Amino acid sequence: MEQINVRVADCRKVDPAGGGAPVVVGDRVRYADRVWRVVGIYLVYDPATGQSEEYCVLSGGNDRTSSGAGQP
């Protein structure tokens, strides 16, 4: 199974009932025209700028969003 790390800001929840709620572990999200499962979230801190950013660990990516078949 494929795993990737992406910025939380770049992930969109698949469940429309989730609305504006934050992405959490276990959510299904859409990224790069695929549906993924969030298996982790971590924070990256840049001491040079004092800024931090959240990242998601996404797993799966086999289901295309253009076809809803086979998605739980």
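Predicted model: local features only at pLDDT ≥ 70, side-chain atom pairs only at ≥ 80, totals over all residues.
Numbering runs from 1 along each chain as its sequence is written, and side-chain values use heavy atoms, without hydrogens and water.

**Exercise 1. State the secondary structure of the protein chain.**

Step 1. Count the elements: five strands and zero helices. Both are DSSP runs, numbered from the N terminus (helices: H or I, at least four residues; strands: E, at least two).
Step 2. Read along the sequence: the pattern is β-β-β-β-β.

**Exercise 2. Find the aromatic pair and classify it.**

Step 1. Apply the cut-offs: rings of Phe, Tyr and Trp (its six-membered ring) pair if their centres lie within 6.5 Å; planes under 30 degrees apart are stacked, over 60 edge-to-face, the rest tilted.
Step 2. The structure holds one such pair. Tyr42 and Tyr55 are stacked, at 5.7 Å centre to centre and 15 degrees between the planes.
Step 3. Tyr42 belongs to strand β4 (residues 34-46) and Tyr55 to strand β5 (residues 51-64), so the pair ties together parts 13 residues apart in sequence.

**Exercise 3. Assign Tyr42 and Tyr55 to an accessibility class, then describe burial in the protein chain.**

Step 1. Set the classes by relative accessible area: buried under 20%, exposed over 50%, partly exposed in between (1.4 Å probe, protein chains only).
Step 2. Tyr42 has 31% relative accessibility and counts as partly exposed. Tyr55, at 22%, also counts as partly exposed.
Step 3. Turn to the protein chain: 25% of its 72 residues are buried.
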